[in-house]
Amino acid sequence: MDRALKSRLEARFGDALTGDVRQRHDQTEIRVGPEGIVDVLRALHDEPAFDFLVLADLSGVDTGTEMQVVYHLWSQTTPDWLRVIAQGLSRDDPRIASVTFLWQGAEWMEREAYDMFGIVFEGNRDLRRIYMPPDFTSFPLRKDFYLADDAARSPGAGVRHMERTHSPAEAGPEPLRTTPGV
């Protein structure tokens, strides 16, 4: 871990962090609540001590109990990549501020997270479906999304409609079915 980066992060964002600064492989990780994400990302981008000018990736996450947005940032000031996790978004109405005012390329990444997870990025000027048809009503990477039946499931198990959703708490493991003679 780049100890200098860790010290700078703790000193600058200590009260905004929702946990310890952690290390995963070559990535330093911080967690922030959705209400503080704009201030943290703006400081990481604008302040010379950080200078994270590259947003390499932005993705949504559904933990089953909450939604998250994960930002992967790069700066020439440290050998570590920085993973910023905005946690605590509601599963019922996940909303977070757009970061397109810092990184214009975030527009497409936010559209993808919206399309796949239903996370609304407030301030994104073009938040619409990017992969799914415009009239599609659910979000395929959420844990409450049913998949259509396919050959991987046992014969006769039925077909679930692709857009029928359920609560993750209702989803239990599929019963194990065996086919005689196979």
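## Helix packing and ring contacts

H1 passes H2 in a right-handed crossing, a term for a near helix turned clockwise from the far one by less than a right angle. This is a predicted model, in which local features need pLDDT of at least 70 and side-chain atom pairs count only at pLDDT 80 or more, while totals for chains, interfaces and linings use all residues. Residues are numbered from 1 along each chain as its sequence is written, and side-chain values use heavy atoms, leaving out hydrogens and water.

A search of the whole structure finds two aromatic pairs (ring centres within 6.5 Å). One of them joins Tyr114 and Phe139, whose ring centres are 6.0 Å apart and whose planes stand at 65°, so the pair is edge-to-face (planes over 60 degrees apart). Because Tyr114 belongs to helix H3 (residues 106-117) and Phe139 to the segment after strand S7 (120-122), the pair ties together parts that are 25 residues apart in sequence.

Elsewhere, Arg111 lies over the face of Trp108, at 4.7 Å from the ring centre (CZ of Arg within 6 Å of the centre and within 35 degrees of the ring normal).

Technical notes. Helices (H or I, at least four residues) and strands (E, at least two) are DSSP runs, numbered from the N terminus. Rings of Phe, Tyr and Trp (its six-membered ring) pair if their centres lie within 6.5 Å; planes under 30 degrees apart count as stacked, over 60 as edge-to-face and the rest as tilted.
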